[in-house]
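Here is a friendly set of notes for someone opening this structure for the first time. Please keep the 3D view at hand while reading.

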Amino acid sequence: RARRPSMDAPKPIAATTHTVDDETVTLAQRRQAQSSFLARVAGGVVVLTVLVGWRLMIGLNTLAIDPRTMKMRQDFAGLVNARDLARERASSSSTQAMRATKRLAENASASAATAPTKNAPTKNAAEPGDFSSSLRRLQGMEEDLDFIRRAGVPDAGRKNPCWTTGDSTPPTCLPYFYILGAWQSGTEELGSRLLAGAPTVGVVRAPHFWNEHTKTLESYANTFASVATMERNVVAGDASPGYLATSWSESIRFHRAYLDHMRDCWAECQTKSSKFEDHESAKDTVDEDAARRGTSRASPRRRCIDGVEGDPKAPGCVGEANAKDPYDESGGHGLSLPHLMSTVYGSSPPRFVVIVREPGARLHSAFWHYEHYKKQYGANEDGFAAYAEQMMTMFQKCLDRGNPLRGCANRFETYSPEFEAVFYHADALIKSMYDVFLETWLDVFPRESFLVVKGEDLWSDDVNTSTAAMRRVLKHLDLDASDETARRLATMNATSNDWRFARDDPERVMRDDIRTKLDAFFAPRLQRLATLVGEDLY
């Protein structure tokens with residue numbers, strides 16, 4: 001058998017000795033390899049330096065938190081990109097280019113800014129912005145943004161922005177002023193009185209265009225086209241109470257990706273069983289179905305729609321739709337009506353009149369206005385008390401789960417199946433939170449564009465009080481604010497059905513205990529409103 005050689009056996013001399021020539025060749029090869037490696041390293045450093053410098057010059061296109069709005073926005077870090085500025089100048093009017101240049105420069109210098117607290121104070125004035133780049137990423141926005149681009153600069157000499165092309169195309173116009181709301185505060189009544197009694201108000205409509213999603217901006221502008229044929233001092237306005245609130249139900253135009261997916265997915269889920277699959281004795285009642293929503297014990301149909309909370313494998317229609325349209329605090333777009341309107345109007349923002357009303361009284365009127373609340377809770381003051389208690393409890397629960405105030409107000413029903421199951425999604429309660437919505441408007445438009453007036457003053461039985469409030473409205477809109485005109489409008493007979501629910505009904509008085517609870521609930525909101533407005537309204 002062959003024997004394995006010892007590991008300690010001496011190696012052959014030929015394997016351990018080199019000639020001088022061999023040693024010289026080996027050293028040369030080593031030096032050549034080291035030089036090649038160092039050259040490659042140096043080349044890599046040069047390339048990396050060039051790439052980093054190039055990225056700094058053009059800016060890092062990222063999503064960052066806007067320190068004013070607490071919304072995700074597109075920022076440019078590093079130095080301002082001259083090429084991007086030139087491109088923006090070429091595609092915009094001169095005024096838009098000036099604002100774009102200023103905006104990019106401000107973004108460049110603010111790249112190191114940190115995110116604010118959830119309820120950080122809002123600046124007293126904001127520069128109108130062009131959010132077209134961000135808006136264009138939203139489903140269904142292309143047609144409206146293309147209309148803005150085609151329209152260009154409006155004709156000079158009018159308060160209303162109007163565009164005429166000089167050919168056979170009819171002119172188009174947009175409102176000079178907006179009466180934003182709130183609901184049950186007399187928004188449409190004020191618009192009707194201005195149209196009937198203010199000499200230079202030619203058109204006032206209440207189309208709720210901006211917070212709906214079925215019509216285009218061009219068709220909306222066409223409805224105000226008649227202003228272009230009137231005297232140049234004649235103005236038109238829009239009195240739609242739904243505009244003030246930026247809540248989800250009033251901002252469907254900005255959530256069409258969510259809406260479209262939910263519509264198709266919901267239809268598919270209707271083919272599944274609504275029966276519970278466990279062997280419990282619980283009946284298939286509406287209350288039991290609501291109690292099981294978002295859990296694995298829900299019916300197949302409900303699981304298909306709502307998913308199972310905490311289970312990423314069962315997102316349901318809601319989870320899938322939220323992924324297409326995420327919350328602001330999850331990196332969502334955070335865009336709403338003020339952002340689109342600011343993009344449309346550019347550096348010449350319209351005038352806004354905001355009518356507010358004591359929040360509890362407005363909620364009380366909403367309850368008695370809509371039949372579905374009375375049918376669900378009872379057409380009496382005990383019914384209103386039960387309704388108000390449930391709405392306040394569920395909204396506070398949204399906050400207690402760590403969600404931000406603005407999120408609960410704007411996206412309440414999309415946070416969980418439990419909140420979606422709340423009757424009409426606490427909609428009427430949320431619409432009394434004027435400060436949350438007004439803050440969003442002030443994030444985008446300058447403070448001087450707004451007049452906030454109490455509905456209690458406008459519709460007061462005291463003629464001096466109502467006349468003084470009406471005079472403030474006329475003055476803010478740069479209309480005839482004489483005592484005669486103000487008094488005539490203030491004492492005019494009611495012109496709309498809106499009037500009935502803009503005042504307290506003496507025959508319907510809410511219970512003292514629920515009045516106290518509503519006062520406590522809305523106290524922080526009214527304090528914040530006073531800070532934003534600079535006046536203690538209530």
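**Notes on the model**

1. Let us begin with a single residue. Met433 sits in the loop that joins α18 (427–430) to α19. Please keep in mind that this is a predicted model. Met433 is buried, with a relative accessible area of 0%. Leaving aside neighbours within four places in sequence, Met433 is in contact with Phe395, Phe521, Phe522 and Arg525. The C-alpha atoms of Met433 and Arg528 are 9.9 Å apart, although 95 residues separate the two along the chain.

2. In general, a pair of aromatic rings is described by the distance of the centres and the angle of the planes. By this rule the count comes to 34 aromatic pairs. Phe209 and Tyr220 form a stacked pair, with 4.4 Å from centre to centre and 10 degrees between the planes. This pair links distant parts of the chain: Phe209 belongs to the loop between β6 (201–205) and α7 (217–222), while Tyr220 is in helix α7, 11 residues apart. Are Phe209 and Tyr220 buried or exposed? Both Phe209 and Tyr220 are buried.

3. Next, a group of rings to colour in your viewer. Ring pairs join Tyr178, Phe209, Trp210, Tyr220, Phe224, Tyr243, Tyr345, Phe352, Trp441, Phe445 and Phe450 into a cluster. The stacked rings of Phe209 and Tyr220 are among its members. Tyr345 is another member of the cluster, and Tyr345 is also one of the buried residues of α12.

4. That brings us to helix α12. How many residues of α12 are buried? Nine of its nine residues are, so α12 is largely enclosed by the rest of the structure. The buried residues are Leu337, Pro338, His339, Leu340, Met341, Ser342, Thr343, Val344 and Tyr345. These residues pack against α4 (132–135), α5 (142–151), β5 (177–181), α7, β8 (351–356) and α19. Just after α12 comes Gly346, which takes a positive phi of about 65 degrees.

5. Helix α12 (residues 337–345) packs with helix α19 (residues 434–444) at an angle of about 25 degrees, and their axes are 9 Å apart. That angle makes α12 roughly parallel to α19. The crossing of the two helices is right-handed. From α12, the contact uses Leu337, Pro338, His339, Met341 and Ser342, and from α19 it uses Thr440, Trp441 and Val444. Sorted by class, the contact of α12 with α19 has five nonpolar, three polar and no charged residues. Trp441 also belongs to the ring cluster.

6. Helix α8 (residues 256–269) and helix α11 (residues 316–324) pack at about 160 degrees, with their axes 9 Å apart. The two are therefore roughly antiparallel to each other, and the crossing of α8 and α11 is right-handed. Which residues of the two helices meet? Ala257, Tyr258, His261, Met262, Cys265, Trp266 and Cys269 in α8 meet Cys317, Val318, Glu320, Ala321, Asn322 and Lys324 in α11. By class, this contact has nine nonpolar, two polar and two charged residues.

7. A third pair takes another arrangement. The axes of helix α6 (residues 187–197) and helix α22 (residues 483–490) come within 10 Å and cross at roughly 130 degrees. α6 and α22 are therefore oblique to each other, and α6 passes α22 in a right-handed crossing. Arg193, Leu194 and Gly197 of α6 make the contact with Thr485, Arg488, Leu489 and Ala490 of α22. The classes here are three nonpolar, two polar and two charged residues.

8. Finally, a step back to the whole chain. Its secondary structure comes to 23 helices and nine strands. Of the 538 residues, 46% count as buried. Among contacts with a separation of 6 or more, 70% are between residues 24 or more positions apart.

Key: Residues are numbered from 1 along each chain as its sequence is written. This is a predicted model: local features need pLDDT of at least 70, side-chain atom pairs count only at pLDDT 80 or more; totals for chains, interfaces and linings use all residues. Side-chain values use heavy atoms; hydrogens and water are left out. Axes are lines fitted to C-alpha atoms, for helices over the stretch in contact, and angles run from 0 to 180 degrees between N-to-C directions. Helices (H or I, at least four residues) and strands (E, at least two) are DSSP runs, numbered from the N terminus. Angles under 35 degrees count as roughly parallel, over 145 as roughly antiparallel, 65 to 115 as roughly perpendicular and the rest as oblique. A crossing is left-handed if the near helix is turned anticlockwise from the far one by less than a right angle, and right-handed if clockwise. Contact means heavy atoms within 4.5 Å. Ala, Val, Leu, Ile, Met, Phe, Trp, Tyr, Cys and Pro count as nonpolar, Asp, Glu, Lys and Arg as charged, and the others, Gly among them, as polar. Rings of Phe, Tyr and Trp (its six-membered ring) pair if their centres lie within 6.5 Å; planes under 30 degrees apart count as stacked, over 60 as edge-to-face and the rest as tilted. Buried means under 20% relative accessible area, exposed over 50%, partly exposed in between (1.4 Å probe, protein chains only).
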